[in-house]
Amino acid sequence: MNPPRKTQSTAKVAVKSLSRQKTLPQLTKLGDKPTKPPTKMLEAFPNPCTERDFLVHMQIPEFTCLCPMTGQPDFATLFLDYVPNRRCLELKSLKLYIWSFRGQGKFHEAVANEILDDIVTAIAPRYARLTAKFWVRGG
């Protein structure tokens with residue numbers, strides 16, 4: 001016996017549910033629109049469970065910037081862990097924010113601290129840690 005066929009995908013149902021919420025209209029990077037150019041603007045949405053401490057873990061494998069001395073590309077995987085307070089990071093804005101470093105010359109330590117500072121400024125988490133695992137620089 002075949003299972004009943006779905007009429008709508010789970011993702012579409014979730015998107016419709018989220019779009020009806022009044023707390024999400026300020027999110028301008030998320031949705032059906034074409035991808036926007038990289039930006040330094042991080043967006044946030046209300047924490048759905050402020051009474052509980054829970055860990056948000058993100059692995060961001062596509063980070064790139066330039067060596068400030070040689071101009072050669074540097075590649076890293078970023079690991080972000082945070083316990084939200086009142087706000088959570090919106091992932092599309094985070095992705096565009098991370099992309100904004102592609103053409104910038106930054107030392108590894110400086111860029112890791114800049115990213116963490118910007119995240120803390122955007123969402124004021126109860127706890128945050130950013131681990132940046134860079135590949136060995138060739139310059």
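Read along the sequence, the predicted model follows the pattern α-β-β-β-β-α-α-β. The protein has three helices and five strands. Helices (H or I, at least four residues) and strands (E, at least two) are DSSP runs, numbered from the N terminus. Residues are numbered from 1 along each chain as its sequence is written. Because the model is predicted, local features need pLDDT of at least 70, and side-chain atom pairs count only at pLDDT 80 or more, while totals for chains, interfaces and linings use all residues; side-chain values use heavy atoms, with hydrogens and water left out.

Of the 139 residues in the protein, 32% are buried. Buried means under 20% relative accessible area, exposed over 50%, and partly exposed in between (1.4 Å probe, protein chains only). Contact means heavy atoms within 4.5 Å. Among contacts with a separation of 6 or more, 70% join residues 24 or more positions apart.

Three strands form an open sheet in the order β2-β3-β5, with antiparallel pairing. The edge strands are β2 and β5, and each pairs on one side only. From one strand to the next, the twist averages 20 degrees. Two strands pair if DSSP finds at least two bridges between them. Strands of a sheet pair through backbone hydrogen bonds, either parallel or antiparallel. For β2 and β3, the antiparallel pairing runs over nine bridges. Within this pairing, I60 stands opposite L78 in β3.

Two helices meet these strands. Helix α2 lies across β2 and β3, and runs at about 25 degrees to β2. Helix α3 packs on the sheet and touches β2, β3 and β5. The direction of α3 makes about 155 degrees with that of β5. Axes are lines fitted to C-alpha atoms, for helices over the stretch in contact, and angles run from 0 to 180 degrees between N-to-C directions.

Helix α3 has 16 residues, which should span 22 Å at 1.5 Å a residue. The expected span is 1.5 Å times one less than the number of residues. The end C-alpha atoms of α3 are 23 Å apart, which agrees. The buried residues of α3 are H108, V111, A112, I115, I119 and I123. Seen down the helix axis, these buried residues fall within an arc of 100 degrees, so they line one face of α3. The arc is that of the directions from the helix axis to the C-beta atoms. On the other side of α3, E109 and T121 are exposed. The buried residues of α3 pack against β1 (44-46), β2 (56-66), β3 (73-83), β4 (87-89), α2 and β5 (127-134).

The loop between α3 and β5 holds A124. Most residues other than glycine have a negative phi. A124 is not a glycine, yet has a positive phi of about 45 degrees. With a relative accessible area of 38%, A124 is partly exposed.

Helix α2 contains Y97. Y97 is buried, with a relative accessible area of 0%. The side chains of Y97 and D118 are joined by a polar contact of 2.5 Å. A polar contact is a pair of N or O atoms within 3.5 Å; within protein, one must be able to donate a hydrogen and the other to accept it, and residues adjacent in sequence count only if both atoms are side-chain atoms. Leaving aside neighbours within four places in sequence, Y97 is in contact with T39, K40, L42, E114, I115 and D118. Y97 and P37 are 60 residues apart along the chain, and their C-alpha atoms are separated by 9.5 Å.

K106 sits in the loop between α2 (91-99) and α3 (108-123). The side chain of K106 makes a polar contact of 2.7 Å with the side chain of E114. Beyond neighbours within four places in sequence, K106 is in contact with C65, L66, P68, D74, F101, V111, E114 and R137.

Strand β3 contains D81. At 6% relative accessibility, D81 counts as buried. The side chain of D81 makes a polar contact with the side chain of H57, at 2.5 Å. With neighbours within four places in sequence left aside, D81 is in contact with L55, V56, H57, Y127, A128 and R129.
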